[in-house]
Amino acid sequence: MKQIYLVCAFLCTTFISFAQVPPNDEIQNAVNITSLPFTDYNVQTQNATTASGGGMNGCNFGTTYSRVYYKYQSPINQTIRVELTEESNNSIIMVYDSNFNTNVTSDSQLYQVSSCEFNSDLTISIQSVQTYYIVISNPDNETNVLISSIDDSNIVNIPDPNFKNALLNQTNPVINTNGDTDIQVSEAFFADRIKANNKNISDLTGVEAFTNLEALFASYNENLDNIDLSQNLKLENLWLDNCGFINDLDLTNNVALKTININNNNISNVNLTQNINLENLRLDQNLLTSIDLSNNTLLTDISLNENLLTNIDLSQNTLLETFYCRYNQLTQLGLTNNINIKNVVCDNNELSSIDVSQCQNLEWLFLNGNNLSTINLNYNPHLVDLSIRNNPLVSIDLSQNLELFYLDVSGSLMQNIDLSINSNLVHFDARNNEFLETVNFKNNYNTVFDTTDFVIYTSNSGYDYYYSPYFNASNNPNLQTICVDDVAYATTKFTNIDPNTVFVEDCSINNYNSIQGTLAFDDENNGCDTNDFVVANQLIQATDGVNNMATFTNSTGDYTLYLNENTYSAEVLGLPSNFSATPNPYNTTFTGFGTSENADFCITSSQTMNDVNVVLLPITQARPGFDSSYQLVFENTGTTLLSGDVTLQFDDALQTFVSSNPTTSASTSNSLTFNYTNLQPFEIRTINIVMNTFPPTTVNDGDILNFTATINPISGDNNVDDNTFVLEQTVVNSYDPNDKQVLQGTEITLAQAGEYLDYMIRFQNTGSASAINVVITDVLSNKLDWTSIRPISSSHEFTTRIINGDFVEFTFENINLPAQVNDDAGSNGFVAFKIKPKADVVVGDFILGKANIYFDYNAPIITNTVSTEIVTQLSVEENKIEASIKIYPNPVNDYLNVKSKNPIKQIAIYDLQGRQIKTMALTGNLTTTKADLSSLSKGVYFVSIKTGTGIQISKIIKE
């Protein structure tokens with residue numbers, strides 16, 4: 001505290017006029033007080049050099065003490081109190097009177113009233129008409145001199161009883177010095193600190209009487225609203241965090257403010273242009289959309305987390321050392337003038353770039369959850385702590401960050417991470433990097449992971465960083481190798497890796513082994529040759545007993561599997577029971593990397609059979625008054641050539657047929673028929689159809705369009721259940737063009753769980769340029785049997801990788817998908833696949849799913865979460881209701897608020913595997929409620945909210 005005042009003393013002596021010390025003890029130059037109360041701010045008696053000191057008329061304090069005289073002639077008999085605010089053991093207050101009411105020039109003309117004691121707080125009775133001289137000396141510090149009349153009859157109006165009780169009962173310092181049941185004006189005058197946290201105060205009326213107040217602590221008063229601080233001109237520290245209802249606060253008169261903490265209120269605008277002495281600012285969890293800090297040039301610490309800021313100018317805050325702005329909407333952040341900054345925490349904004357090249361003292365940089373594809377850290381040699389997870393980073397250069405101690409690069413788009421130069425690294429987190437292939441962790445420091453306690457690193461600024469050694473490179477499905485100092489050591493210490501990842505000591509290894517070949521169907525049972533049918537879209541896997549790598553054959557029956565070194569068995573999966581493949585399996589061992597082997601598979605059937613199936617895909621959403629596209633997909637899963645027809649029935653009261661390719665063979669007002677011939681075994685064909693949905697009021701948002709597709713011949717078909725497909729499509733007015741849907745809807749019965757679920761993932765390039773590559777990743781629910789997955793159709797050619805039975809990656813390479821602004825129709829794409837639930841699903845299980853869509857090297861678009869529940873009996877079709885339900889906050893700590901337009905019937909929480917871990921059944925007609933999530937561990941969950949009109953599934957993050 002003294003250090004702060006000494007610094008201020010230097011500044012203040014330049015700009016503030018202090019009370020003058022009479023040269024040579026010329027008492028007639030004393031400050032003349034005309035009335036009480038009286039305040040003399042920032043008196044510095046140590047600046048006086050001409051005062052001779054002396055005996056002070058009987059009180060010998062030596063010759064070293066300078067002093068200031070105040071002259072006061074009281075109009076009445078009264079008791080006064082004199083106090084010094086920044087006292088020390090050397091502080092002196094003496095009171096004298098004199099028979100010489102004018103022209104008193106020396107100590108000898110004074111008569112001592114108070115005792116000869118060192119003190120900083122003196123109460124004394126004085127008489128009317130008599131002239132008094134109050135002498136103070138405070139040689140160690142600058143001080144405020146406070147003089148006021150003690151009048152017990154002058155009471156401060158404090159209408160809030162809780163505020164009054166807080167003042168009456170405050171200790172250290174005591175405000176209620178006379179111990180009565182009121183706060184007098186004089187008590188308020190001398191009070192410099194109010195401590196009223198968490199007192200259930202709703203009204204701070206009366207605080208205006210505390211004119212010498214320097215610190216106000218009134219946090220956690222949840223009913224406190226607006227406050228008048230216009231009279232508290234000396235206020236330096238203001239704490240009003242977690243009051244909840246403060247939305248307007250005028251601080252323009254409080255120019256002495258150094259610290260403001262008003263976190264967690266409703267402030268949407270605050271004027272700080274007059275607060276030129278401000279050093280520390282905390283306005284977290286408010287409603288600020290903008291803030292002007294250009295006049296606050298002394299700011300060293302700023303915290304503006306969880307507001308609505310889109311931009312902020314810090315160019316005038318050149319002393320800034322710490323800046324927090326988590327959970328805002330910042331699109332840019334300029335730090336080129338902030339050369340003193342050490343800590344920057346701007347997680348969860350919309351930053352696509354940031355320039356930290358002038359921040360050479362930067363030690364702590366947190367930029368999680370932004371849109372950064374690159375960042376230049378070459379000019380930050382003292383960077384210790386770097387966290388940039390969940391950004392679309394494609395690369396990062398850490399070669400100049402030799403002091404790097406902590407690194408989190410989870411959730412990036414990087415393919416390679418080089419840490420070979422970062423020999424101080426103790427904490428490394430690289431989870432959830434879907435495209436990461438190699439990590440170079442060979443930095444001659446891996447043995448630090450022998451430490452079981454904290455590792456301490458002292459930064460350039462002298463701050464100590466404490467971390468326990470940590471290494472996590474899990475959930476990286478494509479991570480092939482991690483280069484380390486010692487493979488045996490790494491295998492023991494670095495256990496948080498995927499089974500498909502291997503440690504190597506040769507960092508030049510960066511290419512896989514492969515098995516490739518062709519799959520064909522031997523319809524004549526004489527061995528596969530070039531005359532046999534090639535089989536497309538068939539699942540082939542290779543496993544080493546722990547890891548599974550799988551892919552589909554392409555349109556020419558070819559496949560390629562990329563593998564690490566190990567012994568593998570490769571085989572064809574997902575064939576109907578009457579089919580078999582040879583070889584079964586194909587076994588091989590890879591030693592090292594870069595080897596390729598050929599393995600062709602041949603399918604035969606134990607019986608001759610007819611089997612066709614059909615699916616109707618809604619390529620686009622149906623909107624009232626607009627055309628929508630559909631695709632009939634039919635397939636021969638039998639062993640013979642087949643011919644027949646496909647029929648589509650629709651509701652002609654809601655839609656009309658526009659066109660098709662190929663053209664119809666026959667049609668009526670509500671049906672279309674298409675003939676087909678010579679459909680080969682394993683062949684898939686498609687029919688593209690355009691329908692027009694009638695405008696309102698015939699068709700409205702939320703209406704259901706019913707379709708039935710049938711493929712013949714049914715007679716003699718091995719599985720007649722899949723010869724008919726029913727689609728119920730919900731009409732919408734607006735929609736997200738990047739989505740995932742399950743065509744069977746939100747419910748299936750346990751009997752239906754033995755059949756396929758049909759999924760579609762649709763995407764649209766809404767950017768400003770064409771997308772060269774599109775990648776879709778999908779983590780399958782553990783309720784689904786991955787070995788049954790098969791593609792149905794797609795808008796473009798694609799390749800697929802399936803890793804360890806859950807991670808599915810669809811890659812549309814070099815498709816050059818046009819931007820919507822250039823080609824609306826051509827900017828769309830989709831992939832559809834089918835997969836069966838596992839045999840052990842039971843009633844009450846939820847099958848959840850979502851997808852990530854990457855357009856080139858941009859942050860992924862995360863689709864909606866689809867949900868299918870296993871039920872005993874199908875309920876009435878449920879509509880989409882996302883717009884009518886709100887959940888907040890997200891991320892959530894303890895309680896999740898749920899607000900709905902319709903009465904809430906049930907809230908259920910599921911983990912990422914679809915397991916129900918918490919449920920709440922509600923009665924009555926509640927439309928608002930809270931879900932207690934305090935018992936959940938940190939992580940990602942799904943919340944299912946059921947109302948009378950439907951179910952909403954949303955992802956939440958528990959912090």
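Here are some questions and answers about the predicted model shown above.

Q: How many salt bridges does the model have?
A: To count, we look for a side-chain nitrogen of Lys or Arg within 4 Å of a carboxyl oxygen of Asp or Glu. Going by this rule, the count comes to 15 salt bridges.

Q: Which residue forms a salt bridge with Arg326?
A: Let's start with where the two partners sit: Arg326 is in the loop between strand S16 and S17, and its partner is in the loop between strand S17 and strand S18, 21 residues apart. The closest N and O atoms of the pair are 3.4 Å apart. The partner of Arg326 is Asp347.

Q: Is Asp347 buried or exposed?
A: Buried means under 20% relative accessible area. Asp347 has 4% relative accessibility, so Asp347 counts as buried.

Q: How many residues apart in sequence are the parts that Lys493 and Asp450 tie together?
A: Lys493 forms a salt bridge with Asp450, and their closest N and O atoms are 3.3 Å apart. Lys493 belongs to helix H4, while Asp450 is in the loop between strand S23 and strand S24. The pair therefore ties together parts whose separation in sequence is 43 residues.

Q: In which strand does Arg762 lie?
A: Arg762 forms a salt bridge with Asp739, with the closest N and O atoms 2.8 Å apart. Asp739 is buried, and so is Arg762. Asp739 lies in strand S48, 23 residues away in sequence, and Arg762 lies in strand S50.

Q: Which residues make the nonpolar surface patch of about 340 Å²?
A: One member is Tyr466, which is in strand S25. Patch residues need over 30% relative accessible area, and Tyr466 is partly exposed, with 45%. The patch is made by Phe454, Ile456 and Tyr466.

Q: How many charged residues are in the lining of the second largest pocket?
A: This pocket has a volume of about 1,400 Å³. Of the 44 residues that line the second largest pocket, the closest to its centre include Phe798 and Glu813. Several strands each supply at least two residues of the lining, among them strand S52, strand S53 and strand S54. The lining divides into 18 nonpolar and 17 polar residues, and the charged ones number nine.

Q: What is omega for the cis peptide bond from Asn661 to Pro662?
A: Pro662 is in the loop between strand S42 and strand S43. Another cis peptide bond joins Leu36 and Pro37, with omega about 0°. For the bond from Asn661 to Pro662, omega is near 5°.

Q: Is Asn537 buried or exposed?
A: Asn537 lies in the loop between strand S30 and strand S31, and has a positive phi of about 60° although it is not a glycine. The limit for buried is under 20% relative accessible area. At 18% relative accessibility, Asn537 counts as buried.

Q: What is the relative accessible area of Asn200?
A: Asn200 has a positive phi of about 60° although it is not a glycine. Asn200 is found in the loop between strand S10 and strand S11. Asn200 is partly exposed, and its relative accessible area is 48%.

How values were computed
Residues are numbered from 1 along each chain as its sequence is written. This is a predicted model: local features need pLDDT of at least 70, side-chain atom pairs count only at pLDDT 80 or more; totals for chains, interfaces and linings use all residues. Side-chain values use heavy atoms; hydrogens and water are left out. Patches are made of residues with over 30% relative accessible area and no salt bridge: like charges are joined within 9 Å, nonpolar side chains (Val, Leu, Ile, Met, Phe, Trp, Tyr) within 5 Å. Accessible areas come from the Shrake-Rupley method with a 1.4 Å probe; for residues, only the protein chains shown count as cover. Helices (H or I, at least four residues) and strands (E, at least two) are DSSP runs, numbered from the N terminus. Buried means under 20% relative accessible area, exposed over 50%, partly exposed in between (1.4 Å probe, protein chains only). On a 1 Å grid over the protein atoms alone, a cavity is a set of points where a 1.4 Å probe fits but cannot get out, and a pocket is an open set with protein on both sides within 12 Å along at least five of seven lines; lining residues have an atom within 4 Å of a point. Grid points are joined across faces, edges and corners, and a volume is the space filled by probe spheres set on the points. Ala, Val, Leu, Ile, Met, Phe, Trp, Tyr, Cys and Pro count as nonpolar, Asp, Glu, Lys and Arg as charged, and the others, Gly among them, as polar.
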